[in-house]
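Here are my notes on the model you sent over.

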Amino acid sequence: MKNVKTIKSIKELEKAIESQIQARESEKKSILTVSAGTCGQARGSLKVIKSLENAIKIENLEDKVKVKVTGCHGFCEAEPNIMIHPQNIFYQKVQPSDAEDIAYQTILNNKIIDKLLYSDPISGKTVTKENDIKFYKKQKRILLGDNALIDPTDIMDYLSIGGYGALAAVLSHLTPKDVIDTIKKSGLRGRGGAGFPTGKKWEFTRETLGEPKYIICNADEGDPGAYMDRSLLEGNPHRVLEGMLIGAYAIGAREGYIYVRDEYPLAVKHISIAISQAEKLGLLGKNILGKGFDFQVHISKGAGAFVCGEETALIASIEGKVGVPRQRPPFPAVKGLWKKPTNINNVETWSNIPLIIENGAEWFSEIGTNGSKGTKIFSLVGKINNTGLVEVPMGITLKEIIFDIGGGIPEGKEFKAIQTGGPSGGCLPQEKLDLPVDYESLTEAGSIMGSGGMIVMDENTCMVDVAKYFLNFLRDESCGKCLSCREGTQRMWEIVTDITEGKGKKGDIELLEALAIATRDASLCGLGQTAANPILSTIRYFRDEYKTHIKDKKCPAGVCKELIQYLIIDDNCTGCLACLKVCPQEAISGELKKIHVLDQSKCIKCGACYEACNFEAIKIV
Amino acid sequence: MAIEIQKVKSFITRYNNEKKALISILQDIQAEYNYLPQEALKFVSESMGIPLIDIIDVATFYRAFSLEPRGKHLVTVCLGTACHVRGGPKILEEFERILSINAGKTTKDGEFTLETVACLGCCAIGPVVVVDGDYHAQTTIRKVNSILKKYRRKEKKNEECQDN
Amino acid sequence: MVTLKINNLEVKAEEGQTILEVAKFYGLEIPTLCYNEGLSPYGGCRLCLVEIGEGPKTKLVSSCTYPAEEGLVVHTDTKRVIEARRMMIELMLSLAPNSKVIQDLASKFGVKQVRFKVRNEECILCGLCVRMCAEQMDGRAIGFQKRGYKRKISTPFDIRSEECRLCGGCIYICPACQLRCQGPDADTAVCNACLNMDPTCLDYYDELQCWMYDAGRCGTCVREKAEEEKAESMK
C-alpha cells in the first residue's frame, strides 16, 4: 500500500471511494486475475503468476495488461484459473508453461486458446465466457462474485468496488436502532448453522446493560468439507471488517475478536493485513471518521478443536482456557466474553451486512424463501464433477445444485446420498433430491443446514462407513465433559465399527437408535445434541445397508475391508504387470501378457492394485 | 531438551503477561521447539501464576500442541469428509505401513511425525497431504512413497552440504 | 425471588439458585452423582436431568447447573428423563461395574442390563476429585487432561505431583472408590460376588502420591498409565 493519508471524515471516505471507482472504470489495461487462495496455491498458481508476469515482460505488454492476484473464485475444480477482463475470457487448469501462449496469442493477438477453455463434463462443449459456464448459471454470487475482482491485500481495491461505502452511509445518517431494524427487516439468519435471526441477536446484546460489549466473528469453520469462510476471509477480508464495524456501531461494542482456526494460515495472513491497512486508513481505531466511534479488532487463533466452533467454547478459548461449553442461560448476549454482553456471528453473516445496508433490506428479503432469506454459500465436494463453492438463493433444490451446477457424478456413477451440515448433519438420499434448501426443510428431513458443507456420495460410498467416520470424528472432538456425549459417541462408534467388521448382531440397530436419542437428549451443547444426526439419518434412509452388513456380513459398496475381497477378472486382465508392481505384500503373481493371480491370504486390501489397473480387471466384491 | 528461559519469557511479555493469551503463548513455544517442553510449561505456570494443572489441561486439549518432541518432518493427512470419501483413509494406511507407525506417533529415527487433521479446507484437491507446510494435491496410494522419498532426499542433501 | 413450577408445584427460588437447589429445599428428589454441596456444580454425569419447557419444544437440562428462572416449567420424572437417566446409568455401569454407588443407582432406577463392552476403568470422569483437590483442599494436584474419549484425570506429566499433600480427599469423595468391594474379609464388605483382587499399581510404581499404596488398594487416578506401561512391557 503506497503512502496513504488517514481518512478523517465521512466526506473524505466517500471521495476516496469515488476516486477508486473512477480509477477502476477508466482502467485502460486488460486485467488478468489469477485465483490464488489456499487451493489455488496448492495447485501451483503462484508459479503460474510468476510465469505470466515474465511472459508479459518478454512480450512488452506491460502497458497493455496487468496481473492481479485474487483469492478463491469458488470454481475449485478449475484451479488454477484466470480471467481476462474486460473480454470476460475464462481459462482453467492453467500451467506455468501456458503463460507464453496466453501473453502472445490472447493478450497480443486476441486469439482464444481452446485447450485452456472449460469444457462441460457431460456435453463436452467448450465455453469461453465465465457467465456461460453452467457451473455459474444458477448461482447468485452476491458475496463470492467480488472475490474475482479484487486483490485482498489491497484496501484500495476494496474501495474501488464501493467498499466501506455502507459504513459511510451508516455513520452519516443511521442510528444504531435504524441499523438493527434494517437487519431485522432483511430476515438475515445466522449462517453458522443455527439460523438464529441476526437482527434479534444484535438487539438482545444492545439492550443488555453492561460494559464493555464485545462482538466476535466465528471463523472456526470446523465442519470437515466446508471452506466457505476460508474463501471469504482470504478473498475479501475487508467486507468482513466492514460488517463488524457496522455491527459494533449498532450494538455498542468497542472491541471485536476474529477467532480463526489454526488450520487456515493464509486466511490469518490476509485478515491481519486487512486490519493493519484499515487501521492505517483510519477506519479502525479511535474516533472513526470523526464520529466518536471507537472500534478495534484482534485476531484470536484456534488451536485445533472442533468444539470451539460452539459459542461458549469459543469464548472460553479466547479467554485462554479449554474449549469446554458452558451452561446457557446465561446466553452470550447477556454474559459472554469475560461475562460481558457479547454478540457472535459467523463470517458469512458478517459479510452480508454491508450488502444489506447498501442495497436495502427489501432487496435482500426478495431473495430466497419466506423463512430463509438471502443466499447461502455451499462447498460442493466429494463425488462431484464441478467441485467448488457455490452461492445460491435459498430455496433452490438439492437436485439443481448437484446436477445443474455441480455437473453430476463423475465417471458416470450413480448418486447415492448428499451429506449436509457437517458432523451435526445427516445424509439425504435420492428421494430427497427435490427438497428446497432452507433451514426448516433440511431439519425436517433429518439433517441441518449447518455452515454449508455439502458432500456428495456415490454408489461406492458405504453409508455405514460414513456413520463410523462421523462418530469417530465426534468422539475425538467431544470436549469430554458430558457422560452422554463422551461415552455415547464412543459406544456408538464401537457398535458401528463392529458392524463394519462383520461382528454386528441382532439388536444393534435398535441399540444405536436408543443411544443416539439419549446422547441427543442428555448433552449440554450442540455437539452432543446433534451427534445423533449422522447415525439416525443413515439408519432412517439406509437401514437395509446396515442389515446387509449385520445379517449377510457384506458391504455392497465395497468399502468395509473385512467384508470385501479384491478379485482379478481373468477376462479383462491383459497381463501388464501394473498391479503386481504396486502390491506391497507381493500377493499378486504372474508374467507379462499372462493372466495374473491374487493370493487372498496375503491381501491386505490396501487398494493399490485397484488404483493401478487401467483395464478394469480388478473387482471389489 | 535445553530451553532458553529468556526466549520463553519473551513469548510471555509479547502478550503483556495476560492470562487470556495462554493459548497464543503455547503456540509460540510449540512453533519454537516443535513441542511443549516440561520446563517451559513449568516456567509459564510460575511466571504467570496459572496452576500447572490448568496449563496441562489446555496443552492436552488442543490438537495443535504436542507434549512429545515431533519429528523433523510433519506429515499431515487430511481426513475431512470430502477427503474421506475420496479415499483418504487408504492414503493414511499407506503412510502408516511404510513408516511403521500409527497416526499420532513419530518414527524411531525422529524423521517423520504422522498426524491427521479433520479438514484443511482444500476439499477440491483432495485427498490432501501436507508435509512441512507443502500441500500435496490429489494424493494416490502410489504417490505416498515418492512423497516420503522427496523429504528423505532433502535430508541427505542437507547432510552432504554440511559435510562439505 | 422468582417463581417457577416443578412437577406442577409452584415453588419460589432466590436469584442465582439452580433448579436442583430449589428442588432439594422443597424435598423433591432428583438423583445426582457429580454434585456435592460443598463444591461448585459441574454438570458432567447428566444424572440430574430434568425436562423444562412446555408443548413441543421441551428440552432436558442438568438441574445442578441450570438457573431457576421466573416462569420456568420443570418436570423431574417424564418418560424422556427416565429413559435418558437409565442410559446414563447403563453407560456408567459399563465403566465402573464394581462401584456400589452406581450399582445402587442401577437397582433403584431399573437398569438391569449392560449392553456395552465393560471397560473396568472405574473412573467415570465426574470430576469430584478435581474439584475437591482444587476448591476444598487448595491443592490443584490433579486435573483433567485431553478431550473426548481420551479424556482422563491425572497429575501433570503423570508423575508424582509436587502439589499433592497426600490428604486423601480425592479418594474420600470418589463415588467409584466409595464402598468398593474389598473381598469377603474386609470390614466394609458389601458382598463377595464382585471381588476386585487386582491391586493396580503395586508392581509398577515406587512412588505414588496415593496413600492407599501401602494398603495395597486402588490406583484409580494413575491406572491408565500403569496399563500403558504394562502393554508396552508386554510387546
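1. Let's begin where chain A meets chain B. Across that interface there are 21 residue pairs in polar contact, both partners being at pLDDT 80 or more. Keep in mind that this is a predicted model. On the chain A side, the elements that put in two or more residues are α2 (38-42), α13, β11 (375-382), β15 (453-458), α18 and α24 (608-612). The top contributor is α18(A), which gives six residues. Sorted by class, the side of chain A that touches chain B has 32 nonpolar, 12 polar and 17 charged residues.

2. How many residues does each chain bring to this A–B contact? Chain A brings 61 and chain B brings 36. The size of an interface is often quoted as the accessible area lost when the parts come together. Here the area buried between chain A and chain B is about 3800 Å², with carbon and sulfur atoms giving 58% of it. Within chain A, the residues losing the most area to chain B are A:Ala303, A:Tyr469 and A:Glu611, and together they account for 16% of what that side buries.

3. Now the charges across the A–B interface. Side chains of opposite charge can pair when their charged atoms come close. The count between chain A and chain B is four salt bridges.

4. Next, chain B against chain C. The contact takes 12 residues from chain B and 13 residues from chain C. The buried area is about 1100 Å², and carbon and sulfur atoms give 66% of that. Which residues make the salt bridge here? The count between these two chains is one, and the partners are B:Asp57 and C:Arg151, with their closest N and O atoms 3.4 Å apart. Three residue pairs are in polar contact across this interface, both residues at pLDDT 80 or more.

5. Helices α3 (38-48) and α4 (52-61) of chain B each supply at least two residues to the side that touches chain C. The largest share comes from α4(B), with six residues. By class, this side of chain B has seven nonpolar, two polar and three charged residues.

6. A word on how chain B is laid out. Chain B is divided into domain 1 (5-61) and domain 2 (73-163). The C-alpha centres of these two domains of chain B lie 29 Å apart.

7. Chain A is split into five pieces: domain 1 (28-134), domain 2 (155-365), domain 3 (375-458), domain 4 (463-552) and domain 5 (565-620). Take domain 1 and domain 3 of chain A, whose C-alpha centres lie 29 Å apart. Nine residues of domain 1 are in contact with nine residues of domain 3, and the area buried between these domains of chain A is about 670 Å², of which carbon and sulfur atoms give 50%.

8. Over all chains, the structure holds 55 salt bridges. Have a look at A:Asp98 and A:Lys115, whose closest N and O atoms are 2.9 Å apart. A:Asp98 lies in the loop between β4 (89-91) and α4 (99-108) of chain A, and A:Lys115 in the loop between α4 and β5 (118-119) of chain A, so this pair ties together parts that are 17 residues apart in sequence.

9. Last, the aromatics. There are 23 aromatic pairs over all chains. Why is the pair of A:Phe306 and A:Phe473 called edge-to-face? The ring centres are 4.9 Å apart and the planes stand at 75°, and the edge-to-face class takes planes over 60 degrees apart. The pair links distant parts of the chain, 167 residues apart: A:Phe306 sits in the loop between β9 (296-301) and α13 (311-318) of chain A, while A:Phe473 is in helix α18 (residues 463-477) of chain A.

Terms used. Residues are numbered from 1 along each chain as its sequence is written. Chains are lettered from A and ligands numbered from 1 in the order in which they are written. This is a predicted model: local features need pLDDT of at least 70, side-chain atom pairs count only at pLDDT 80 or more; totals for chains, interfaces and linings use all residues. Side-chain values use heavy atoms; hydrogens and water are left out. Contact means heavy atoms within 4.5 Å. Buried area is the accessible area (1.4 Å probe) that two parts lose on being put together, summed over both. A salt bridge is a side-chain nitrogen of Lys or Arg within 4 Å of a carboxyl oxygen of Asp or Glu. A polar contact is a pair of N or O atoms within 3.5 Å; within protein, one must be able to donate a hydrogen and the other to accept it, and residues adjacent in sequence count only if both atoms are side-chain atoms. Helices (H or I, at least four residues) and strands (E, at least two) are DSSP runs, numbered from the N terminus. Ala, Val, Leu, Ile, Met, Phe, Trp, Tyr, Cys and Pro count as nonpolar, Asp, Glu, Lys and Arg as charged, and the others, Gly among them, as polar. Domain bounds come from an automatic or database domain assignment. Rings of Phe, Tyr and Trp (its six-membered ring) pair if their centres lie within 6.5 Å; planes under 30 degrees apart count as stacked, over 60 as edge-to-face and the rest as tilted.
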